[in-house]
Amino acid sequence: MQETQILSTQPAPLGAAVPATVPAGRALVFDACHAGVILRAVLFVEAVLGVGALFVAASPLEWLARLALLTGGALPATLAWLLTACSLKQALQRLPAPWHYAVGVLLGALAGLWACGTLALVGAAAEPPWLASAATGALLSAALVAALVLRARGRTPAATTARLTELQSRIRPHFLFNTLNSAIALVRAEPAKAEAILEDLSDLFRHALVEQGESATLGEEILLARRYLDIEQVRFGERLRVQWSLDVRAEGARLPPLLLQPLVENAVKHGIEPSPAGGRVRVATELRGSRVVVTITNTLPAAPAAALGAAQRGHGIALANVRDRLRLLHDVQCDFSAGPHGPQNGRHYQVRISLPARS
């Protein structure tokens with residue numbers, strides 16, 4: 001039998017070592033390995049070069065030629081700066097906060113010299129402006145470091161706020177009361193089923209309250225969603241029909257903890273609960289190349305168009321929370337969409353998540 005401590009977690013033994021997976025409480029400043037960071041940094045440098053080229057260009061064609069020339073020197077230097085920051089992010093994190101700017105400015109100055117040397121090598125500058133290039137690289141680097149610092153500061157508070165919001169929505173009184181009432185109704189008639197539902201409830205709440213860290217595997221999230229749907233299956237009986245189409249190769253993908261459970265809860269709340277005839281919830285995962293696709297589809301109750309539109313608009317807070325948490329973890333590498341799906345537009349609702357198979 002599984003442990004059945006409801007709303008409690010096992011205390012760690014005295015003197016036990018702290019697990020290595022416990023977050024340090026401070027995000028990596030020089031975490032420049034994400035595609036979103038690289039894209040924004042390159043676009044920022046290109047924008048600065050484009051504005052600078054406007055001062056010396058007499059025509060749009062000359063501006064485009066100068067921008068292409070400057071890009072040929074600045075782009076490799078920018079990518080080298082990002083690669084260095086990404087490679088040394090763990091070592092640089094141990095430095096005091098003021099040193100982050102100092103190291104970033106130094107790397108920027110070296111990148112500026114590299115860009116100037118590249119242009120001088122191809123004969124684009126008769127008298128290379130070494131000092132100006134180093135100063136420009138240092139200034140741009142300082143701006144990039146400032147953006148990375150703000151991003152690092154924003155990660156922990158945003159993750160904490162999202163987690164608190166999720167915990168608050170998970171411990172909703174009506175869900176707890178309905179589940180307990182379902183168990184009480186089964187105590188005499190089917191005690192084994194009542195015991196099973198209480199065990200699932202215990203596991204669900206213990207998982208929600210324990211510190212999960214920044215991410216969890218898709219396999220772990222699927223198990224949690226199964227426990228929740230098992231509880232709701234007892235509550236709704238034959239009204240709730242659940243279909244699983246799972247790809248075991250996709251279970252290693254990382255996503256924020258407690259992500260799938262609110263999505264399947266939304267599917268039950270808006271698709272099954274309002275319908276006297278019940279409906280179907282389908283959870284599917286699939287590995288497609290280097291990406292994992294997760295879809296959660298639920299039928300919507302047969303209702304007038306106005307009522308159906310109100311039901312669809314009910315998918316708001318939880319979906320926005322999920323979208324923000326996915327972007328926080330995967331940035332631009334994640335795709336999230338939600339809306340009516342299928343040939344009968346408005347009778348099925350689908351949430352689709354596409355994320356990297358390996359972070």
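1. With which residue does Glu190 form a salt bridge? The partner is Lys193, and the closest N and O atoms are 3.3 Å apart, a salt bridge being a side-chain nitrogen of Lys or Arg within 4 Å of a carboxyl oxygen of Asp or Glu. Glu190 counts as partly exposed at 35% relative accessibility, and Lys193 likewise at 37% (buried means under 20% relative accessible area, exposed over 50%, partly exposed in between, with a 1.4 Å probe and protein chains only).

2. The model is predicted, so that local features need pLDDT of at least 70 and side-chain atom pairs count only at pLDDT 80 or more, whereas totals for chains, interfaces and linings use all residues. Residues are numbered from 1 along each chain as its sequence is written, and side-chain values use heavy atoms, leaving out hydrogens and water.

3. A search of the whole structure finds 7 salt bridges. One of them joins Arg249 to Asp247, with the closest N and O atoms 2.9 Å apart; Arg249 is exposed at 57%, while Asp247 is buried at 14%.

4. Arg352 and Asp335 also meet in a salt bridge, at 3.6 Å from N to O. Because Arg352 lies in strand S7 and Asp335 in strand S6, the pair ties together parts that are 17 residues apart in sequence (strands are DSSP runs of E, at least two residues, numbered from the N terminus). Arg352 counts as partly exposed at 24% relative accessibility, as does Asp335 at 38%.

Definitions and conventions:
Helices (H or I, at least four residues) and strands (E, at least two) are DSSP runs, numbered from the N terminus.
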